[in-house]
Every structure is written in structure tokens, then in C-alpha cells.
Amino acid sequence: TDYEITKWNVHNELGFLYNRISEFEKAKLQYSKSLEIVNLEDNYSVNHNIMEYENADNFTIFVNNYLLSLEKTRDYSECLNVLNFVISKFPNDIFYKKQKARFEEKVNNSTFADEIINNLFKVKHKKSGCFANTRQPLF
């Protein structure tokens, strides 16, 4: 319906504007809302046009802005989901393949960092056995 299309356009524009003022959480939220109305596949079908003179089409502009908000909010796993979709549509595009490799590295590094942090702050359990709950008198 026209209302849904208008709503979708408003969310996309708000996402774009929030990116421009570095409000990336708000941008991500707006792009997520737009994807609830029109998913990536339909967005691609409607907005991808082969452009002359190296101009970007509306789908590419959307994806690049959405990826920016995802990266700035450190949502690397969603970046990879989006990039996998984009690469399925543009299998020869080196730029998106390099982006995917970069985000895979970030996911691996953050997983490694999470493991280190979890080990540092691991909850120590009480010892069991005959000395577990005994206290020595202070005097």
C-alpha cells in the first residue's frame, strides 16, 4: 500500500539522517524498522538497477548506510548476514568480499576478547568437602 511505502521511505530517510549526525543506534533502529516493512530481497528487487557511469543505485546506498550503522554499533554478526546477502547478489564484487573478511575478523577478535574477559571474571564456586564451610575463631 502507499502508506507502507511511505512509512518505509521515512524509516530509510531517518536512518540516513541519523547516520549523518553519528546517532548510529538510532540509525540502526530506523533501518531495522524499514526492513520489517520491506526485507532485503524485496529491497534489492525494487531498488537495484544497473547504473551507468559507476553511480550507485538505491539498494547499494541503503546497504552501505545500513552497514555503517551496524558497524558503528558493533553488530558484526548482522553485518555478516547483510554482506552474505549482498555477495549472493554481487558475487564478483571485491569490495563486499573484503568487508566480509574484515567483519569476520572482528567477530573472531570479539569472541576471543569475550573469552578472556569471561575467564578473568569467572565466578569462583565454594569449595566442597570437610573444610568448605568451617571458620577459624578470630580469638
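A polar contact is a pair of N or O atoms within 3.5 Å; within protein, one must be able to donate a hydrogen and the other to accept it, and residues adjacent in sequence count only if both atoms are side-chain atoms. This is a predicted model, in which local features need pLDDT of at least 70, side-chain atom pairs count only at pLDDT 80 or more, and totals for chains, interfaces and linings use all residues. Residues are numbered from 1 along each chain as its sequence is written, and side-chain values use heavy atoms, with hydrogens and water left out.

Q: Which backbone oxygen does the side chain of serine 69 reach, and at what value in Å?
A: Serine 69 has its place in helix 4, residues 58-72 (helices are DSSP runs of H or I, at least four residues, numbered from the N terminus). Its side chain reaches the backbone oxygen of tyrosine 66, at 2.8 Å.

Q: Is serine 69 buried or exposed?
A: Buried means under 20% relative accessible area, exposed over 50%, partly exposed in between (1.4 Å probe, protein chains only). The relative accessibility of serine 69 is 0%, so serine 69 counts as buried.

Q: How is the pair of phenylalanine 62 and tyrosine 66 classed: stacked or edge-to-face?
A: Rings of Phe, Tyr and Trp (its six-membered ring) pair if their centres lie within 6.5 Å; planes under 30 degrees apart count as stacked, over 60 as edge-to-face and the rest as tilted. Phenylalanine 62 and tyrosine 66 both lie in helix 4, four residues apart. Their ring centres are 5.8 Å apart and their planes at 25°, so the pair is stacked.

Key
Helix = DSSP H or I, 4+ residues; strand = E, 2+ residues; numbered from the N terminus.
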